[in-house]
Amino acid sequence: RGVVVKALWAMAGKPEPEHKEEFIDLPEDDEELVTAIQWASSCGLVSGYKSGKYKPSEPIIRQQMAAMLFRYARYEGFDVKAKGNLKNYTDRSDITRYAVKPMKWALGNHLITGRKDRLEPLENMTRGEFAHMLKAFHEYRSNLS
C-alpha cells in the first residue's frame, strides 16, 4: 500500500500535503513515504483504518488499486465515467461497494483485466499486475492530456 501511494505521489510531482493526518503506524525513518501517505490522505485518494493505522507495508488488493487510480484520475480532473462490464465475471458480487465504480472504470479503460472469468477483487495484486496497471494508467493519462 505504501509503494502505490509513493508512485502516485511521484506522478503528481511530489506535492506537499494540504494537511498532515497522523496515522499511528507510519515509519519514522522514511520521510518520503510519510509525506506521500499524508498527501494521498489529504486529497482523498486513501483513508486509513478505524484503528488509526494506514498499514503501509500491507499488500494492496486489486480493488484497492483500482480505487486509488480512479481517485487519482478524478484528482487530476479526468473523466472517470468510462464503465466496463462486470457481467462476465463470476465473482462480481465480491467487489466491495466502494470499489464497484472504480472497478468498472478500470475495466473500461483496460487498466485491470480478469483472471479468466474472475476479477478476484479481494486478492493481492502481483508485482506484474501492479506494473501493468501503472503502465496502462500512464497511457490513459497520456491519451487524455
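Angles under 35 degrees count as roughly parallel, over 145 as roughly antiparallel, 65 to 115 as roughly perpendicular and the rest as oblique. Axes are lines fitted to C-alpha atoms, for helices over the stretch in contact, and angles run from 0 to 180 degrees between N-to-C directions. Helices are DSSP runs (H or I, at least four residues), numbered from the N terminus. The model is predicted: local features need pLDDT of at least 70, side-chain atom pairs count only at pLDDT 80 or more, and totals for chains, interfaces and linings use all residues. Residues are numbered from 1 along each chain as its sequence is written, and side-chain values use heavy atoms, without hydrogens and water.

**Exercise 1.** Determine how α1 and α3 are oriented to each other.

Step 1. The axes of α1 (residues 2–11) and α3 come within 11 Å and cross at roughly 15°.
Step 2. α1 and α3 are therefore roughly parallel to each other.
Step 3. Val-4, Val-5, Leu-8 and Met-11 of α1 make the contact with Met-65, Met-68, Leu-69 and Tyr-72 of α3 (contact: heavy atoms within 4.5 Å).

**Exercise 2.** Determine how α3 and α4 are oriented to each other.

Step 1. Helix α3 (residues 62–75) packs against helix α4 (residues 100–108) at an angle of about 80°, with the axes 8 Å apart.
Step 2. The two helices, α3 and α4, are therefore roughly perpendicular to each other.
Step 3. Residues that meet include Phe-70 and Ala-73 in α3 and Met-103 and Trp-105 in α4.

**Exercise 3.** Identify the contacts of Met-65, leaving aside neighbours within four places in sequence.

Solution. Met-65 is in contact with Val-4, Ile-60, Met-125, Phe-130, Met-133 and Leu-134.
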